[in-house]
Amino acid sequence: MKKLIMIAVTVAVVIALFGAHHHVQAQGNERLSSPFRGPAGPPIVLTSHTLITTYIDQGDANVTLSSGFTGIDSPVTFNCQSASGCTIGAESSTEVGGQSASGVQWGICTYVDGSLQGNCVFEGPVPNNGTYVNGSFNNVVGVSVGTHTVQAAVYSTTAGLVLGQYNNTYHLYRP
């Protein structure tokens, strides 16, 4: 009889633990659809694009930048001849440094037709020991038919940031 009671208690404990496990797991799944995360959206359907042209711009500027936004290369001009518009892809890799001040923050940005496109990528603090750091940014911008310019820029919170090497690759695509 003692064995039968022991088996019954063991089975009851296992069932209780199994039920508690599934209850906790179900609560975890409910959090996925919480208002803080929002519902899962439909998958993004990507369309094929045809590369029209590519420009590669690189240099070792070794110039001191002012605070705020500073273009780091000459604007590149594209001519979109597609009635449905075009896509500009911008890939920027930039090296900055030469600072002795603490707390200097920097980022990389893309300008199209003289206007900032989207957000700049915050790259973080610049070392205050005179060394350099490298950051990179990829951006995609849709443009209408016509002539457009694209340019990479660096944002700095403090004047005196030194621009070292940079490499910008710009692509023009049509859908």
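Colleague: In the hairpin of β5 and β6, which residue takes a positive phi?

Modeller: That's D113, with a phi near 55°. The hairpin has two residues between its strands. Keep in mind that this is a predicted model.

Colleague: And how many bridges hold β5 and β6 together?

Modeller: Two bridges, with the strands paired in the antiparallel sense. Across that pairing, Y111 stands opposite L116 in β6.

Colleague: Which other strands does β5 pair with?

Modeller: β7 and β9. With β7 there are four bridges, antiparallel, and I108 has V121 as its bridge partner there. With β9, which covers residues 146–156, there are seven bridges, also antiparallel. In β9, the bridge partner of C109 is A153.

Colleague: Is β5 mostly covered or mostly open?

Modeller: Mostly covered: seven of its eight residues are buried.

Colleague: You mentioned C109. Which cysteine is it joined to by a disulfide?

Modeller: C120, with the sulfurs 2.0 Å apart. The link is right-handed, with 105° about the S-S bond. It connects distant parts of the chain: C109 sits in strand β5, while C120 is in the loop between β6 and β7, eleven residues apart.

Colleague: Why does C109 count as buried but C120 as partly exposed?

Modeller: C109 has a relative accessible area of 0%, so it counts as buried, because buried means under 20%. C120 comes out at 27%, so it is partly exposed.

Colleague: How many disulfides are there in total?

Modeller: Two. The other joins C80 to C86, with an S to S distance of 2.2 Å. That link is right-handed too, with 85° about the S-S bond. C80 and C86 are both buried. Counting bonded cysteines along the chain, the pattern is 1-2, 3-4.

Colleague: Switching topic: what's the strand order in the open sheet of four strands?

Modeller: It goes β1-β10-β4-β8, with antiparallel pairing. The edge strands are β1 (50–65) and β8 (132–143), and each pairs on one side only. Neighbouring strands in this sheet are turned by 10° against each other on average, ignoring direction.

Colleague: How many bridges join β1 to β10?

Modeller: There are 13, and the two strands run antiparallel. β10 covers residues 161–174. To find a spot on screen, look for T54, which stands opposite H171 in β10.

Colleague: And in a regular strand, where do the side chains go?

Modeller: They alternate between the two faces of the sheet.

Note on methods: Residues are numbered from 1 along each chain as its sequence is written. This is a predicted model: local features need pLDDT of at least 70, side-chain atom pairs count only at pLDDT 80 or more; totals for chains, interfaces and linings use all residues. Side-chain values use heavy atoms; hydrogens and water are left out. Two strands pair if DSSP finds at least two bridges between them. Axes are lines fitted to C-alpha atoms, for helices over the stretch in contact, and angles run from 0 to 180 degrees between N-to-C directions. A disulfide is a pair of cysteine sulfur atoms within 2.5 Å. Buried means under 20% relative accessible area, exposed over 50%, partly exposed in between (1.4 Å probe, protein chains only).
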